[in-house]
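Please look at the structure below, and follow the account from a pair of rings to the cores and the pockets.

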Amino acid sequence: GKTTVSLNFLAENIELEPVLMGNEFTSLVEKEYQPTPRFLNRIDAMDWVSWVYEDGSDRFTLLPVFDDFAENVVKDKINIIDWINIESGEHYMIGSVLNGIKKAVGRGIAIPVLQKGEGAETARGGQFTKDFADLELLLDKHGAMESRLTVGKCKESTEPLTGRSWAFQIRNKGVSICNVREVVKCWNCHGKGFTNHGGCPECNEVGWFDKKAVPIV
């Protein structure tokens with residue numbers, strides 16, 4: 001769901017001419033980077049968005065970036081980076097990478113996307129991924145067919161947000177976010193989906209309940 005969320009951030013802020021950079025949206029064709037058919041199909045499916053101006057020019061900038069992310073950031077713009085990979089495996093360096101991006105973005109907003117292990121509380125790089133984040137969103141599977149977003153860190157909010165989770169479905173060629181609702185961990189298995197006796201019967205092994213349907217125990 002990382003790319004789905006990224007594309008929706010792009011669409012919802014299209015009037016600000018955001019920047020989308022990454023390593024999977026373009027491919028090298030005859031010495032020139034061009035959008036991949038898969039990427040074009042996905043944005044075409046988002047038919048509620050006007051991706052171009054009347055003169056045919058793009059309303060966002062697509063950049064093929066594989067490293068040197070800070071050097072490619074467009075200052076004072078929304079920069080969505082999907083996704084950042086540390087090829088050397090030195091994931092502790094992610095703190096320096098994110099710090100460089102934050103310094104380069106000026107008064108804009110940087111939305112870097114990182115890989116995370118299923119159920120992990122941080123992305124690859126551990127605590128270093130949190131150090132320069134103002135808002136951290138963690139994505140996991142929710143049952144067999146859905147995804148779950150959890151607020152891992154939030155520096156400023158009008159109400160408590162850290163630790164809260166929302167489940168959602170992804171439809172329409174992987175671009176539409178549907179059936180969003182807040183969820184809470186199962187009281188019996190504490191979010192694991194199983195107990196010492198096997199699969200949790202209370203939550204049907206999902207590990208979570210819709211908040212409005214939490215049973216009284």
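Phe66 has a relative accessible area of 35%, so this residue is partly exposed; the term covers values between buried, under 20%, and exposed, over 50%, with a 1.4 Å probe and protein chains only. Tyr33 also counts as partly exposed, at 39% relative accessibility. The model is predicted: local features need pLDDT of at least 70 and side-chain atom pairs pLDDT 80 or more, while totals for chains, interfaces and linings use all residues. Residues are numbered from 1 along each chain as its sequence is written, and side-chain values use heavy atoms, without hydrogens and water.

Aromatic rings of Phe, Tyr and Trp (its six-membered ring) form a pair if their centres lie within 6.5 Å; planes under 30 degrees apart count as stacked, over 60 as edge-to-face and the rest as tilted. By this rule there are four aromatic pairs. In one of them, the ring centres of Phe25 and Phe39 are 5.1 Å apart and the planes stand at 55°, so the pair is tilted. Phe25 belongs to the loop between strand E1 (19-22) and strand E2 (26-29), and Phe39 to helix H2, so the pair ties together parts that are 14 residues apart in sequence. Helices (H or I, at least four residues) and strands (E, at least two) are DSSP runs, numbered from the N terminus. Both Phe25 and Phe39 are buried. The rings of Tyr33 and Phe66 have centres 5.9 Å apart and planes at 45°, so this pair is tilted. Ring pairs also link Phe25, Phe39, Trp51 and Phe60 into a cluster.

Which residues have the most contacts inside the largest nonpolar core? They are Leu7, Leu10, Leu20, Phe39, Met46, Trp51 and Phe60, in a core of 17 residues. Such a core is a set of buried Ala, Val, Leu, Ile, Met, Phe, Trp, Tyr and Cys residues joined through side-chain atoms within 4.5 Å. Helix H1 (2-12), helix H2 (37-45) and strand E5 (78-82) each supply at least two residues of this core. A second, separate core has 14 residues, including Val65, Val105, Leu114 and Ala123.

Finally, consider the pockets. On a 1 Å grid over the protein atoms alone, a pocket is an open set of points where a 1.4 Å probe fits, with protein on both sides within 12 Å along at least five of seven lines; lining residues have an atom within 4 Å of a point. Of the 38 residues that line the largest pocket, Ile111, Pro112, Val113, Leu135 and Leu137 are the closest to its centre. Strand E7 gives the largest share of this lining, seven residues.
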